[in-house]
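Welcome! Please take a look at the sequence and the structure below, and then read on for a short tour of some of its details.

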Amino acid sequence: MDYPLRFRATGAVEEMDRPDADLAMLTRTYDQFPLINAVVSGWRAVYREKIRPHLSPTSASTLLDVGSGGGDLARALAQWAKRDALSLTITGIDPDERAHQYSVSRPAPPGVTFRAAYSSEIVAEGQRYDFVISNHVLHHLSAVELQGLLADSTELATRAAIHSDIARSPVAYALFSVGTLPFFPGSFIRRDGLTSIRRSYTPAELAAVVPPPWTVERRIPWVNLLRLDSSGPGPA
């Protein structure tokens, strides 16, 4: 691995995480998340393989999206479940009030709600969900925060917890740098995306810092899928 990406850049800060981030650029970033996530996150396949087999057309399942940002993944999951005639209720939470305000200002499919909250607050309320997920959250967290999220997920998820994140790679960094160069003007997508890759874990690094029975699955092309399965197979 090239030296600049040999270790996690834990001191690097994404522009959109700064409290004084430009609100117009932040809004454009949230606007562009659906496109960039559709290309790089791989959640459509994760839904088909890990979530859809456990859903039912008659019995509602529940899902908590931690660090839901602009809410694009929560909306996408709801739409996929609806197309499959399956019942899924989704709650998206994000402690950043700016993200929350963006989420609630956009139309949401039936059964999708958003809250400004930490996962620890949801645990304190005694809530439980069939699924607990996150997308591109892990690399934002300190070591203590990561363990806190895993503990909260264990408490909250009755069926499975699935945390998807970028896998650090020189090839991923180079391709994202070149591929996004002509696009996403006026937003933090390119700059923060490169910072995210620098902050993210390799599969081996992530596996080394999570306790059993959590498992790390490497997904193509550059995705770490951190999973905790809490129950057996769902409906046929």
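## The second largest pocket

Helix α3 gives the largest share of the lining of the second largest pocket, five residues. This is a predicted model. The pocket has a volume of about 310 Å³. Its lining counts 17 residues, and Pro34, Asn37, Asp72, Leu73 and Ala76 are the closest to the centre. At least two lining residues come from each of α1 (23-40), α2 (43-51) and α3 (72-83).

## Two buried polar residues

Asparagine 135 sits in strand β4, which covers residues 129-135. Its relative accessible area is 11%, so asparagine 135 counts as buried. What does its side chain make a polar contact with? The partner is the side chain of tryptophan 43, at 2.9 Å. Leaving aside residues up to four places away in sequence, asparagine 135 touches Asn37, Ser41, Trp43, Leu73 and Ser164.

Aspartate 152 belongs to helix α6 (residues 143-156). Aspartate 152 is buried but has no salt bridge. The nearest side chain of opposite charge is that of arginine 128, 11 Å away. Beyond residues up to four places away in sequence, aspartate 152 touches Ser119, Ser120 and Val123.

## Charged pairs

Side chains of opposite charge can pair when their charged atoms come close. How many salt bridges does the structure hold? There are 12 salt bridges.

One of them pairs arginine 52 with aspartate 84, with the closest N and O atoms 3.5 Å apart. Arginine 52 is in the loop between α2 and β1 (61-66) and aspartate 84 in the loop between α3 and β2, so this pair ties together parts that are 32 residues apart in sequence. Arginine 52 is partly exposed at 31% relative accessibility, and aspartate 84 is partly exposed at 27%. Another salt bridge joins glutamate 125 and arginine 115, whose closest N and O atoms are 2.8 Å apart. Here glutamate 125 lies in the loop between α5 (119-124) and β4, while arginine 115 is in strand β3 (residues 112-115), so the pair ties together parts that are 10 residues apart in sequence. Glutamate 125 is partly exposed, at 39% relative accessibility, and arginine 115 is partly exposed, at 32%.

Arginine 219 forms a salt bridge with glutamate 217, and their closest N and O atoms are 2.9 Å apart. Is arginine 219 buried or exposed? With 12% relative accessibility, arginine 219 counts as buried, whereas glutamate 217 is partly exposed, at 22%. Salt bridges with shared partners join Glu49, Lys50, Glu217, Arg219, Arg227 and Asp229 into one network.

## Backbone details

Most residues other than glycine have a negative phi, and most peptide bonds are trans. Alanine 85 is not a glycine, yet its phi is positive, about 60 degrees. Alanine 85 lies in the loop between α3 and β2 (88-93) and counts as exposed at 53% relative accessibility. Phenylalanine 184 also has a positive phi, near 55 degrees. The place of phenylalanine 184 is the loop between α7 (170-179) and α8 (189-199); with a relative accessible area of 12%, phenylalanine 184 is buried.

Where do cis peptide bonds occur? One runs from proline 212 to proline 213, with omega near 5 degrees. Proline 213 is in the loop between α9 (203-209) and β6 (215-219). Another cis peptide bond joins isoleucine 220 and proline 221, with omega about 0 degrees, and proline 221 lies in the loop between β6 and β7 (223-229).

Note on methods:
Residues numbered from 1 in each chain as written. Predicted model: local features only at pLDDT ≥ 70, side-chain atom pairs only at ≥ 80, totals over all residues. Heavy atoms only, no water. Helix = DSSP H or I, 4+ residues; strand = E, 2+ residues; numbered from the N terminus. Buried < 20%, exposed > 50% of the residue type's maximum accessible area, 1.4 Å probe, protein only. Lys, Arg positive; Asp, Glu negative; His and termini not counted. Salt bridge = Lys/Arg side-chain N within 4 Å of Asp/Glu carboxyl O. Contact = heavy atoms within 4.5 Å. Polar contact = N/O pair within 3.5 Å; in protein donor to acceptor, adjacent residues only side chain to side chain. 1 Å grid on protein atoms, 1.4 Å probe; cavity = no way out; pocket = protein on both sides within 12 Å on 5 of 7 lines; lining within 4 Å. Points joined across faces, edges and corners; volume = space filled by probe spheres on them.
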